Amino acid sequence: MRHLALACILLTGCGTKIILRDTNVYKAELDQYHKWATAQAEYLRGFIVEHCECESDAEGPQFADPECEKAADFVLTIEARAEWHRQMSLWNAGLLPEGSEPADTPPTIEPLSCPLPAALSDEE
Amino acid sequence: MSDFSDVLDTLIPLVGGVIVDKAKNEITKLSEDADDPTKQIVFALMAEAVGELGEDGLDIAEAEIKRLLNGRTPDLDWASPRTASDAVALLQNAERGRKKKAKAAIAKAGKVFGTIGALFFKAAVSGALNK
């Protein structure tokens with residue numbers, strides 16, 4: 001009984017909360033959020049290419065409209081990092097097999113420029 | 001180095017050479033510190049907080065950076081997606097590091113158990129913890 005009380009104090013008193021989740025639901029959620037992010041980035045890239053103008057004399061990354069610049073930053077970040085973050089979530093949850101550990105350093109995000117650099121999937 | 005130096009030189013007519021030189025020195029000291037990836041994230045968060053939220057941004061950034069460095073969830077709505085991604089990567093890598101340490105401890109304990117058996121195992125671990 002004394003040990004149980006001690007364990008309760010240790011678990012609730014300090015440190016990060018540990019959450020137990022159903023593996024399948026957790027994976028389904030991750031997959032859904034990943035799909036939402038990457039699909040939106042793909043559509044957003046299309047809109048940026050179609051509608052955003054570049055200005056050679058503009059300050060910074062040459063987008064004429066600052067909203068285009070912000071949107072482009074999201075596209076480049078999601079394209080470069082979404083998969084790595086997803087893999088890390090799976091790895092830290094113990095849901096990836098040994099030998100498939102993600103790299104320590106997340107992939108480099110392309111610098112912001114107008115026109116947008118080609119999508120990573122186009123280069124592969 | 002020359003990027004920010006050129007920009008600061010353009011401010012000399014407005015704020016004077018002494019202030020610009022002081023700013024250059026401070027920025028150089030900061031960039032020397034920025035080799036460390038964690039410090040890079042801290043600086044990026046502080047710069048973005050001030051850019052997005054003005055002078056109040058510094059206090060907000062400080063509070064959120066403390067949360068981040070303590071392994072708690074920071075509120076980084078004001079940060080750029082790339083800096084927010086770096087911050088989350090820092091948390092994820094820290095979690096991976098903790099798990100690796102835990103795994104290594106389990107493996108070490110298992111090896112001790114295999115060597116000395118159950119009879120002395122508890123005493124050995126208790127002794128190690130009390131050191």
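Reader: Is the crossing of helix 4 of chain B and helix 5 of chain B right-handed or left-handed?
Author: This is a predicted model. The two helices pack at an angle of about 145 degrees, with their axes 7 Å apart. The crossing of helix 4 and helix 5 of chain B is right-handed.

Reader: Which residues of helix 5 of chain B meet helix 4 of chain B?
Author: Start from helix 4 of chain B, which brings Val42(B), Leu45(B), Met46(B), Ala49(B), Val50(B), Glu52(B) and Leu53(B). By class, the contact has 10 nonpolar, 1 polar and 2 charged residues. The helix 5 side consists of Asp56(B), Gly57(B), Leu58(B), Ile60(B), Ala61(B) and Ile65(B).

Reader: At what angle do helix 4 and helix 6 of chain B pack?
Author: Two packed helices are described by the angle between their axes and the distance between the axes. For helix 4 and helix 6 of chain B, the axes are 10 Å apart. Helix 4 of chain B passes helix 6 of chain B in a left-handed crossing. The angle is about 140 degrees.

Reader: Which residues of helix 6 of chain B make the contact with helix 4 of chain B?
Author: Helix 4 of chain B contributes Thr38(B), Ile41(B), Ala44(B), Leu45(B) and Glu48(B). By class, this contact has 5 nonpolar, 2 polar and 2 charged residues. From helix 6 of chain B come Thr83(B), Asp86(B), Ala87(B) and Leu90(B).

Reader: Where is the kink in helix 6 of chain B centred?
Author: Helix 6 of chain B covers residues 81–129, 49 residues in total. Its end C-alpha atoms are only 43 Å apart, short of the 72 Å that a straight helix would reach. There is a kink of about 125 degrees in this helix. The kink is centred on Gly117(B).

Reader: How many residues of chain B are in contact with chain A?
Author: Take the side of chain A first: 12 of its residues are in contact with chain B. They divide into 5 nonpolar, 4 polar and 3 charged. On chain B the number is 12.

Reader: Where is the kink in helix 3 of chain A centred?
Author: Helix 3 of chain A has 27 residues and reaches 37 Å from its first C-alpha to its last. That is close to the 39 Å expected. There is still a kink of about 45 degrees. The kink is centred on Arg81(A).

Reader: Which residue with a positive phi follows helix 3 of chain A?
Author: Look just past the helix in the sequence. The phi there is near 75 degrees. The residue is Gly94(A).

Reader: Why does Ser100(A) count as exposed?
Author: Ser100(A) is found in the loop between helix 3 (66–92) and helix 4 (120–123) of chain A. Its C-alpha is 8.9 Å from that of Gln87(A), 13 residues away in sequence. Ser100(A) counts as exposed because its C-beta neighbours inside 10 Å number 9.

Reader: Which residue is joined to Pro115(A) by a cis peptide bond?
Author: Pro115(A) is placed in the loop between helix 3 and helix 4 of chain A. Omega of the bond is about 0 degrees. The partner is Cys114(A).

Reader: Does Phe43(B) count as buried or partly exposed?
Author: Phe43(B) lies in helix 4 of chain B. Buried requires 20 or more other C-beta atoms within 10 Å, and exposed 12 or fewer. Phe43(B) has 18 C-beta neighbours inside 10 Å, so it counts as partly exposed.

Reader: What percentage of the residues of chain B count as buried?
Author: Chain B has 6 helices and 0 strands. Its length is 131 residues. The buried share is 15%.

Reader: And what percentage of the residues of chain A count as buried?
Author: Chain A has 4 helices and 0 strands. Its length is 124 residues. The buried share is 17%.

Note on methods:
Residues numbered from 1 in each chain as written. Chains lettered and ligands numbered in written order. Predicted model: local features only at pLDDT ≥ 70, side-chain atom pairs only at ≥ 80, totals over all residues. Contact = placed C-beta atoms within 7 Å. Nonpolar A, V, L, I, M, F, W, Y, C, P; charged D, E, K, R; others polar. Expected span 1.5 Å × (residues − 1). Bend = angle between axes of the 7 residues up to and from the residue. Axes fitted to C-alpha atoms, helices over the stretch in contact; angles between N-to-C directions. Left-handed = near helix turned anticlockwise from the far one by under 90°.
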